[in-house]
Amino acid sequence: MLGLSSRRNALNASKVAGAWISYCIGSGFATGQDSLQYFCSWGSYAFIAIALGIMIHIYVSSSYLRLGVEQQFDNPMSVFDYYCGPYIGKAIAAITLIVSFGSPAVMIAGFGATLYQHFGISPVIGNIALGLACFMTIVLGVKRIVDIIGSIGPMLIIATLFTGGVYLITHIDKVQAGMALAPTLNIQSIGNSWVMSGVFFATWAPLSCAPFLVATAKTIDTKQEALWGSVVGNIFYGLATAMLVAAFYCDIEEIMKQMIPNLYLANQLSSIFSMFFFVLIILGIYSSAVPGLFVVCATLAREHTTKYYITAAIVCAAATIVTLVLPFDKLLNLVYSVFGYMGLPFVGVILIKQIYIYLSHKNKA
């Protein structure tokens, strides 16, 4: 029987796994657009690309979480000073702060697009509604954010596995033909090869998720919890993505036309289930928009101060306004392509810093 300490460790690890899944899924995964754009152009190579991306995700997210446990940064953007020094680190932090508006904007745009596809409601109404919901959550602070979103991600992963799994099982005879057909279609793609798509699937994260993960690490006790939370969260994230891609291949010509591919799959199964899945998509988008906006707010002002609340209002309003300029699928492609190119070199920076620390400790021994 697990002791109190072991149960606490397991609970903390599962909380981290849930928070990481929630951060990753967002409107890209929840709607199916990122699975479509990252992988479906490459046929059978898509699944190798997913495995490559998940391995990079595990390395990066576990590195940040363990560092956060060790350093307990007061300002989450200080993680860049740690890796790059005070001058270059602050420059990277400034760049990250600017581009961090992009990811929540994608989430908010995905929310509006989902409402429009399911109910015919103007995307503008949905975008404004999510912007307000994000503001009300952000004012609660990081601990409450982790508690709230940590339970949403696992629910959406389970629902996605069920939806993709049932659709895949009932159309299994079409998978092989879809995989062969997909590379011949003009599917909007992130990356110009399956290798780069797999890499970009992970390298959107090193800059944008660093502050959130080191802040999340304050809610756990040990590096072991950080490691297991990262591994478990990413494995489930990878399995759900692979399931979705396989399901998409069953009807790829129709899927590629959909703004919200996952909702299309759910509708094919049952109108009742599609409503349930719609609610989970909305929650998934919300759970990923909040951390990105929180990072910007927490960097500019200390939590639970008047300045923090004013900053939260301005940041949420600005991210919402961006969604009125570009449609969801175009915004997603632009933002995550830029994130992929920017984040790739930083994976090397993390590795170099870890090698340097290892050699320094070895020389002192």
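**Helix 17 against helix 18**

I started with the way helix 17 passes helix 18, and the crossing is right-handed. This is a predicted model, so I kept in mind that local features need pLDDT of at least 70. The two axes come within 9 Å and cross at roughly 140 degrees. Helix 17 and helix 18 are therefore oblique to each other; roughly antiparallel would take an angle over 145 degrees.

Next I listed who meets whom. From helix 17 I noted Leu293, Phe294, Val296, Cys297, Ala298 and Leu300, and facing them in helix 18 are Lys307, Tyr308, Thr311, Ala312, Val315, Cys316 and Ala319. Sorted by type, the residues of this contact come out as 11 nonpolar, one polar and one charged.

I also checked the loop between helix 17 and helix 18, where histidine 304 is found. Its phi is near 65 degrees, a positive value in a residue other than glycine. I flagged that because most residues other than glycine have a negative phi. Histidine 304 is partly exposed, at a relative accessible area of 46%.

**Helix 16 against helix 17**

Then I moved to the other partner on my list for helix 17. Helix 16 covers residues 261-269 and helix 17 covers 271-300; their axes come within 8 Å and cross at roughly 155 degrees. That is over 145 degrees, and helix 16 and helix 17 are therefore roughly antiparallel. The handedness of this crossing is right-handed. On the helix 16 side the contact uses Asn262, Leu263, Ala266, Asn267 and Leu269, and on the helix 17 side Phe273, Ser274, Phe277, Phe278 and Ile281. I count by type seven nonpolar, three polar and no charged residues.

Leaving out residues up to four places away in sequence, I found asparagine 262 touching Phe29, Ala30, Thr31, Gly32, Leu244, Phe248, Phe277 and Ile281.

**Helix 6 against helix 16**

Helix 16 also packs with helix 6 (residues 102-119), at an angle of about 30 degrees and with the axes 10 Å apart. That makes helix 6 roughly parallel to helix 16. Their crossing is right-handed. Here Thr114, Gln117 and His118 of helix 6 meet Leu263, Tyr264 and Asn267 of helix 16. The contact holds two nonpolar residues, four polar and no charged.

**Helix 11**

How many of the 10 residues of helix 11 (residues 194-203) are buried? I get seven, so helix 11 is largely enclosed by the rest of the structure. The buried ones are Ser197, Gly198, Val199, Phe200, Phe201, Ala202 and Thr203. What covers them includes helix 2 (33-39), helix 3 (45-71), helix 12 (205-208), helix 14 (223-249) and helix 19 (328-364).

**Proline 211**

I looked up proline 211 and placed it in helix 13 (residues 210-216). At 1% relative accessibility, proline 211 counts as buried. Not counting residues up to four places away in sequence, proline 211 touches Pro76, Met77, Val79, Phe80 and Val295. I also took a C-alpha distance: proline 211 and alanine 93 are 118 residues apart along the chain, with 9.3 Å between their C-alpha atoms.

**Cysteines**

How many disulfides does the structure hold? My search returned zero. For cysteine 40, which is in no disulfide, the nearest cysteine sulfur belongs to cysteine 250 and is 11 Å away; a disulfide would need the pair within 2.5 Å. Cysteine 40 is buried, at a relative accessible area of 0%. Cysteine 209 counts as buried too, at 0% relative accessibility.

**Glutamine 72**

Last entry, another backbone angle. Glutamine 72 has a phi near 50 degrees, again a positive value in a residue other than glycine. I located glutamine 72 in the loop between helix 3 and helix 4 (78-84). With a relative accessible area of 35%, glutamine 72 is partly exposed.

Technical notes
Residues are numbered from 1 along each chain as its sequence is written. This is a predicted model: local features need pLDDT of at least 70, side-chain atom pairs count only at pLDDT 80 or more; totals for chains, interfaces and linings use all residues. Side-chain values use heavy atoms; hydrogens and water are left out. Axes are lines fitted to C-alpha atoms, for helices over the stretch in contact, and angles run from 0 to 180 degrees between N-to-C directions. Helices (H or I, at least four residues) and strands (E, at least two) are DSSP runs, numbered from the N terminus. Angles under 35 degrees count as roughly parallel, over 145 as roughly antiparallel, 65 to 115 as roughly perpendicular and the rest as oblique. A crossing is left-handed if the near helix is turned anticlockwise from the far one by less than a right angle, and right-handed if clockwise. Contact means heavy atoms within 4.5 Å. Ala, Val, Leu, Ile, Met, Phe, Trp, Tyr, Cys and Pro count as nonpolar, Asp, Glu, Lys and Arg as charged, and the others, Gly among them, as polar. Buried means under 20% relative accessible area, exposed over 50%, partly exposed in between (1.4 Å probe, protein chains only).
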